[in-house]
Amino acid sequence: MAYPANYRYTKEHEWLDLEGDLALIGITDYAQHELGDVVFVELPKVGSKIEAGKTFGTVESVKAVSDIYAPASGEVVEANDVLHSTPEKINTDPHGAGWLIKVRLGNPSDLGGLMDSAAYELYIASESKEASA
Amino acid sequence: MQWHGRSATTSPKSNMTDKIKKASTHPSQNEGLIFEKSSPGKRAFELPPLDVPAADPGKALGAAHRSEGIEGFPEVSEIEVIRHFTRLSTWNYAIDLGMYPLGSCTMKYNPRVNEFVARLDGLATEHPYQPQELSQGCLKILQLLEKCLLEITGMEAVTLQPAAGAQGELTGLLLIRAYHEKNGNPRRKVLIPDSAHGTNPATAVIAGYEVENIKSESHGQIDVDKLRDLVTPDVAALMITNPSTLGIFEERIPEIAEILHAKGALLYMDGANMNALTGITRPGDLGVDVMHLNLHKTFSTPHGGGGPGAGPVAMKKILEPFRPVPILVEKEAGRLALEQIRPDSIGRVKAFSGNFGVLVRALAYILAYGPGVRQATEDAVLNANYIRKHLEGVFDLPYSLPSMHEVVFSDALQKKNGVNTMDIAKRLIDYGFHPYTTAFPLIVPGALMIEPTESESREECDLFVDAMRSIAEEAASNPELVKTAPHTTRVRRLDEVGAARKPILRWKPQASRTEAAD
Amino acid sequence: MRYLPKSPAERQAMLSAIGAKSIDALFSSIPERYRLQEALKLPGPLSETEVIDFFKARAAENSVGYTSFLGAGVYQHLRSVVTDAIIQRGEFLTSYTPYQAEITQGTLQAIFEFQTLMCQLTGQEVANASMYDGSTATTEAVLMAERLTGRRRILVARSLHPEYRDVLKTYAKNSGLHVEEIPYSANGTLDQKALEAALQDDVAAVVMQSPNFFGVVELLPPLRDAAHSSGALLVTVITEGVSLGLLSPPGEADIVAMEAQSFGLAPSYGGPFAGVIASRDKFVRQMPGRLAGQTTDSEGRRGFVLTLATREQHIRRERATSNICTNQALCALAATVHLTLLGKEGLREMAHQNLSKAKFALAELEKIPGIRRAFDAPFFNEFTVVLPRSVKIVNAYLQREKIIGPFVLGTAYPELTKHALVCVTETTPRAEIERFAAAVRRALEQPL
């Protein structure tokens, strides 16, 4: 699966799609592949604050639980509630319909620490190599 | 020797080999849920008639009275109960049927005499609060078991309170914490190897410690040189499993103990793999300060489908004052008593006094063997090494140090054809065995963890080796057969994802049900 | 040795196949000086007969031949021999935890049935596959309430079983939980006023037992209302499950922690038993312990698997909700078989016999001058009486008559100096109840 060029990415395998000061956040295809079939998602409530680098929820598969880390700080304006009944969207469309939360960023210009798609693809390539070493 | 197996005739879909010697399909009864057989007016157990005036429950209980019977509660006859559960039992694999090569589970024979003595009138019938002078028999059993476990572990004090291994671990860590607190500083961290079983870090966190993971070195052992730097005055303890979860003896354990002790830290040993050590060496002699035992592993008490067990904790004298209550003491003239009050005790970890019924079974096992228990350990290690010898080269062996009672392979060779450890395990079922432990320890990707125990004959070991070799061939020549296994079981692979997404955790009357099992 | 399926010749052949000179060679990784040179000093070896004789001799040193009036968390009830006939089957007894579902459907379906029975009994929506016992189930219920509310203050009824409170204290110390006791009122029930005064928005749970340790039946609705008005959860503990044959199920509770010993498990000097946690569906992901779930296989057949395993410690490791690995599967199976044998009518009848016999025993005792009942509230099969002299002394007399007398409440409640907790179940014949009352009367007539 291609990694959308206009998204930004974290080392913890989250992606962020910025439109103005609103950001859509989700986990990447690499992450969903590692997890396996997603069975449950725990998302923050609308109105709650998330802080860059800190966890804001979890994604669960049959065999693992993963914390999700906020790529940036802000306030949650929407959560993808449909995931409660169809968590598999995270597997089938992790960069689209499988989005997790929409956030109003506190500082939309401060995304310098995140990777672009090319850097992210290099990053996961080296992660895979290490895992099979 | 008699083979019961033939080439199994199954549905045309599956492609069975005639190498499957031990297993054959046999008729498996259909059976629904007991609630689905229920019908008003049927009863399975009658009580003797009431011999006192009948109370009026409405009057006696007032607003708390439940005027109707429990909705949906089963109403069936005795024969239906017997048939229902007997049929269910035939769907299970069990040690009584054959080898369970589950690593670190020590699935050994559960001697029947243990069941008999645990049920004796005068043992099964005793109430924990009855007068202690009417419980001397129970207390003598506890005392003798304590003595035996001290002799086996080389420790100086023991508690029989914890109800299972995980609770034993927690008790052990709480002892460590109490010890450090008494010395003025509980400390912050517990070091845990990345090969450890998941209960270790979970327990450490529940005991209020931070976990620091230590990476194993290239042979799968604890990296002793790195350890020196990691042991700071902040470290309360190291939790070691020995032999490690790779089945390999941690040769440098005495050194590890010294490093820890020099900084005032303690060495905790997870005793899950005690089946490799009993009668050969003693953890207390190796420098271990505190350890738990799994009576349902090393000491033959039955797993019963997942419990009960017991997790006694043995320790050096320095930890004795902190033992959980109650504490067994000997008073004048050999009279035994349980004391409930100890000033430095960590408190009570469970109501009453340990899983007595399980403790009886463990003692019966020890008494049957006596000093000859070493033979069991030798046979366990012999079986594991025999299997290892015959499967080396067939499966990838990631760590080449000598194995003790269990051996860990990986699926690296079979992965080339897209066959992984889970697939191989499922195919092993068709050959008449329970799978080995898959995907653990985490430091071996695609692990196959095999522990035969001493209860397996040479014949059973040979059948197992043959089965594994045959599956390896299938993985190369017919991978689909392995990937879609098992083929001969009552149900095929079950949808675990669906079960987790939309959990159905109870039967409901008139609820829409999926088709009854056919 | 009869448990080892190898002959000396077979051992030799296997060593040769490995290429090892002797069995000692296989232990070479253990440093020489730590290898034992002598056999362990253990008693035995004993033949099967000798093992049996040893334990029979121990059994004879206990309380065979005595009639007991003890309850206090462990209860004597009738058990059918059918239960042992089932749980002694090797396929149940010697099977492992059902991680490989295809070959453990027997265990898994039985667990599913157990979970269902526990829901039916407690009026809750979901129940787990059992925990070690009632005391640890209570503690786990409290930890669950802490996770659900994010709060750390726990209000615990003083009338909750003393040892259950002790276990909670041990775990609370290390979890940063703050536990406070709520007293009981004059009639033995939880002091509602004291509860309301203590409730604030930092309380995670109100923990109480019914019937409580004094045998008194508590009414839940006012307790639930008080707890919920502060955003706290109501945790109800049940130590005598047979009471549910006649008592309203604790549906008002948010979490129920129950001891299943009364459902066909022998007292066995205190264990092994089986605890259960039952609660609402919406709380299930915070519920500890194993869960069996219904599903289908690749060909559409109904089957069962362990599910929601990500709550457990071997996956979450540092983030586990509890570190409990074992469930008391065989005990839960025994309870399932037992309850199925009793059935709807049988459980009700058993409960009714308990209620009737306890009432009869109280009436007999109340005829004795100087004895009065403490706590004027409904009871099930246990009640508290006040004696005119020390219960210990009365019990010493009873013991000489081969009667194990009631629990001395003063040992756990210093303020209840002459109070005795009497338990009578369906197993106590009328003649024994009368003999007990007569012996108590004589005990009180003894010169001091």
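## Two domains in chain C

Let's start with chain C, whose domain assignment gives domain 1 (67-78 + 343-445) and domain 2 (81-338). Keep in mind that this is a predicted model. The C-alpha centres of domain 1 of chain C and domain 2 of chain C lie 28 Å apart. Where the domains touch, 24 residues come from domain 1 of chain C and 21 residues from domain 2 of chain C.

Now look at the side of domain 1 of chain C that touches domain 2 of chain C. Here α11 (329-366) and β12 (382-386) of chain C each supply at least two residues. With seven residues, α11(C) gives the largest share of this side. By type, the residues on this side of domain 1 of chain C are 14 nonpolar, seven polar and three charged.

## Where chains B and C meet

Next comes the contact between two chains: 174 residues of chain B are in contact with 165 residues of chain C. On the chain B side, helix α11 (residues 374-391) of chain B provides the largest share, ten residues.

## A sheet in chain B

Chain B also holds an open sheet of three strands, in the order β10-β12-β11, with antiparallel pairing. In general, strands of a sheet pair through backbone hydrogen bonds, either parallel or antiparallel.

Which strands are the edge strands of chain B's sheet? They are β10 (407-410) and β11 (437-438) of chain B, and each pairs on one side only. β10(B) pairs with strand β12 (residues 447-450) of chain B over four bridges, in the antiparallel sense. To find a spot in the structure, look for B:S410, which stands opposite B:A447 in β12(B).

How values were computed
Residues numbered from 1 in each chain as written. Chains lettered and ligands numbered in written order. Predicted model: local features only at pLDDT ≥ 70, side-chain atom pairs only at ≥ 80, totals over all residues. Contact = placed C-beta atoms within 7 Å. Domains from an automatic or database assignment. Nonpolar A, V, L, I, M, F, W, Y, C, P; charged D, E, K, R; others polar. Pairing = 2+ DSSP bridges.
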